[in-house]
Amino acid sequence: MKNHASSLSNKNKFLILGCGFSGSFFAKKIRELGCTVLTSSRSEKKDPDSFVFNSESDMVPNKKIFDGVTHVLSCIPPDKNGNDPVLKRLKNQLKSLPLEWAGYLSTTGVYGDTEGDWVSEIDKPNPIQKRSHTRLNCEKEWIESGLPAQIFRLPGIYGPGRSSFDAIKNKKIRVISKKDQVFSRIHVSDITNAIIYLLQNKNSLKFCQIINIADDEPCSQIEVIQYCYDLLDLPMPKPILFEDAKKELSPIAQSFWIENRRVSNKLLCETLGYKLIYKNYKLGLKNCYLNS
Ligand SMILES: NC(=O)c1ccc[n+]([C@@H]2O[C@H](COP(=O)([O-])OP(=O)(O)OC[C@H]3O[C@@H](n4cnc5c(N)ncnc54)[C@H](OP(=O)(O)O)[C@@H]3O)[C@@H](O)[C@H]2O)c1
């Protein structure tokens, strides 16, 4: 990744709030660029750069943690009451900082069902699930917070350690077929790299407050699973029709099959010029295969 025109340097200090799957990929990469990075989790970690933040407890992070912070990335989903954990507990603290940027990882669930049509940032969100209404409210709260917020809408996230390979290995794979159903997805490295690309070129690119980060090729779940079995040189189990599989799926698993949409990345990849590392599931899964 080019660094010479970067607006990021060792003068920058990042707080990654919620350092789970996406957060830890981002933290690793941004450290490689020389930035200081502190990360949060809900339980104590041995890592000296990690601190405890749990919006459900009364304990708030020590003030020293916020000293010199220039950038914040929240990777924390809404809490069980629908509140944004970061804004609920830390909004005033964050607003007292001279922040340059506050990123928020959201979901493309806010678009609802488009019956397989493409959907982009200019389309009005039309959430159907309760959790997606909640998410849209959290986005709104970030936008209205007075912080320099930028929202990233993400489809299904996968990467090494979280892909269909892991589901196959853990015998948790279900091969379900539903006519015309597609899913969009994104490799975790592209979330990190796209955000870093936008930050590094912040001074020359138009600032967009809401951006989808998705790959080029939404497709059926069967295609993805079949490709994994092909790489493993194993036969794929016979697909089960969604109507038959439905009764055995948890309500949350069922809810993912109710929505059918193709998420457009034109704003990110055409208007803003980001080049995906993994344009499609085949390239992304090869990376997972080689790193599993
Ligand atoms: N997974 C997907 O396919 C997907 C798709 C679209 C959007 N998203 C959204 O994108 C964001 C990042 O996803 P991810 O899969 O990388 O997340 P993840 O691995 O599940 O990590 C979530 C992080 O949030 C922390 N957290 C959760 N509740 C918290 C609370 N009440 N107070 C403080 N910290 C809390 C967790 O702490 P611990 O480390 O202590 O567990 C964890 O570090 C999330 O908002 C997610 O909903 C995910």
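**Strand β5 and the sheet around it**

Biologist: Which residue in β5 is the bridge partner of S74?

Modeller: Residues are numbered from 1 along each chain as its sequence is written. This is a predicted model, in which local features need pLDDT of at least 70, side-chain atom pairs count only at pLDDT 80 or more, and totals for chains, interfaces and linings use all residues. Strand β4 covers residues 71-74 and pairs with β5 in the parallel sense over four bridges, where two strands pair if DSSP finds at least two bridges between them. In one of these contacts, V72 has A102 as its partner in β5, while the partner of S74 is Y104.

Biologist: How many helices and how many strands does the protein chain have?

Modeller: Both kinds of element are DSSP runs numbered from the N terminus: helices are H or I with at least four residues, and strands are E with at least two. Counted in this way, the protein chain has ten helices and 13 strands.

Biologist: Why is β5 described as largely enclosed by the rest of the structure?

Modeller: A residue is buried if 20 or more other C-beta atoms lie within 10 Å of its own, exposed if 12 or fewer, and partly exposed in between, with C-beta atoms placed from the backbone. In β5, W101, G103, L105 and T107 point one way and A102, Y104 and S106 the other way, and all are buried. The strand is therefore largely enclosed, since the buried residues in residues 101-107 number seven of the seven.

Biologist: In β7, which residue is the bridge partner of A102?

Modeller: Strand β7 (residues 149-154) runs parallel to β5, and six bridges join them. The partner of A102 in β7 is A149.

Biologist: In what order do the seven strands of the open sheet stand?

Modeller: Strands of a sheet pair through backbone hydrogen bonds, either parallel or antiparallel. Here the pairing is parallel; for example, four bridges join β1 (residues 13-17) to β4, with I16 opposite L73. The order is β3-β2-β1-β4-β5-β7-β11.

Biologist: Which strands stand at the edges of this sheet?

Modeller: An edge strand here has a single partner strand, so one side of it is left without a neighbour in the sheet. Neighbouring strands are turned by 20 degrees against each other on average, direction ignored; axes are lines fitted to C-alpha atoms, for helices over the stretch in contact, and angles run from 0 to 180 degrees between N-to-C directions. The edge strands are β3 (50-52) and β11 (210-212).

Biologist: Which element gives the most to the shell around the ligand?

Modeller: Of the 23 residues around the ligand, G18, G20, F21, S22 and R42 come nearest. The elements that give two or more residues are α1 (21-32), β5 and β8 (156-158). The one that gives the most, with three residues, is α1.

Biologist: Is D47 buried or exposed?

Modeller: D47 lies in the loop between β2 (36-41) and β3. Its C-alpha atom is separated by 35 Å from that of H133, 86 residues apart along the chain. Because D47 has 12 C-beta neighbours inside 10 Å, it counts as exposed.

Biologist: What is the phi of E115?

Modeller: E115 is found in the loop between β5 and β6 (118-119). It is exposed, with 8 other C-beta atoms within 10 Å. E115 is not a glycine, yet its phi is positive, near 55 degrees.

Biologist: What radius of gyration does the protein chain have?

Modeller: The radius of gyration is taken over C-alpha atoms, and the globule rule is 2.2 Å times the number of residues to the power 0.38. The C-alpha trace spans about 55 × 40 × 40 Å along its principal axes. For 292 residues, a compact globule would have a radius near 19 Å, which agrees with the value for the protein chain, 19 Å.

Terms used
Near = placed C-beta within 6 Å.
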